[in-house]
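Subject: Structure handover

Hello,

Here is the structure I said I would pass on. Please open it beside this email and follow along.

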Amino acid sequence: MRVDQQLIAEMIPAKARVLDVGSGDGTLIDYLYRTRGCDARGIEIDMQSVTQSVAHGLPVMHGDADHDLAHYPDDAFDYVVLQRTLQAVERPREVLRQMLRIGRHAIISFPNFGHWRLRLQLLTTGRMPMTSVWSTPWYSTPNIHPCTIRDFLALCEEDGYVVQQWLAVDEDGLKAPWRRSIRFANLFGEQALFLLSRG
């Protein structure tokens, strides 16, 4: 599992009802089912990933976070997860609203566009930065809404979401020692994870 998936799994209690939005190959769903006894299912836009998940016996449906979350009933899940997908959806604010309508909690992970390496590359080269996390050239990237940790916190405040827990980590999964400081986390955290609930 990727680092963010391991950290997400730590936030979800046993037996929880979980929807993984942008579930990819189903790794997180499989882990939650096998180790925590969760009722975990997924929705994924890439048909090849859906087929792979279903072939492994995982309950994954083909769907789109921007349009299909509206069809789920209120409070259908305990946790709704969006892993490394927020920056790629068309309407991130609406996706968050739907996540917290259909789930009691939302867990979001995303690459932090405020990381110092990205800032330095943009400053020194005048071009869109490339790192292990941001590894696709600007003209072919699915990342249409990059944001920083501070941007995300501002959106949560504007929309009245409660941040129950947050983490900033590097790509190797080391929790940043500056995690109590948003400014340092925004500068040094390569990726962010947030556990949210409704206000």
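Which residues of helix H3 (residues 47-55) are buried? Before the answer, one caution: this is a predicted model.

**Helix H3**

The buried residues in H3 are Ser49, Val50 and Ser53. They span an arc of only 100° around the axis, and therefore sit on the same side of H3. Their packing partners are strand S2 (39-44) and strand S3 (60-62). Gln48 and Ala55 are exposed, on the face of H3 turned away from the buried side. After H3 comes Gly57, with a positive phi near 80°.

**Helix H7**

Gly160 follows H7, and the phi of Gly160 is positive, near 75°.

**Helices H1 and H2**

Two packed helices are described by the angle between their axes and the distance between the axes. For helix H1 (residues 3-11) and helix H2 (residues 27-36), the axes come within 10 Å and cross at roughly 40°. H1 and H2 are therefore oblique to each other. The crossing of H1 past H2 is right-handed. From H1, the contact is made by Gln5, Ile8, Ala9 and Glu10, and from H2 by Thr27, Leu28, Tyr31, Leu32 and Arg36. Sorted by type, the residues of this contact are five nonpolar, two polar and two charged.

**Pro92**

The last item is a single residue. Is Pro92 buried or exposed? The relative accessible area of Pro92 is 18%, and buried means under 20%, so Pro92 counts as buried. Leaving out residues up to four places away in sequence, Pro92 touches Leu86 and His145. Asp68 is 24 residues from Pro92 along the chain, and the C-alpha atoms of the two are separated by 14 Å.

Regards

Technical notes. Residues numbered from 1 in each chain as written. Predicted model: local features only at pLDDT ≥ 70, side-chain atom pairs only at ≥ 80, totals over all residues. Heavy atoms only, no water. Axes fitted to C-alpha atoms, helices over the stretch in contact; angles between N-to-C directions. Helix = DSSP H or I, 4+ residues; strand = E, 2+ residues; numbered from the N terminus. Parallel < 35°, antiparallel > 145°, perpendicular 65-115°, else oblique. Left-handed = near helix turned anticlockwise from the far one by under 90°. Contact = heavy atoms within 4.5 Å. Nonpolar A, V, L, I, M, F, W, Y, C, P; charged D, E, K, R; others polar. Buried < 20%, exposed > 50% of the residue type's maximum accessible area, 1.4 Å probe, protein only. Arc of directions from axis to C-beta.
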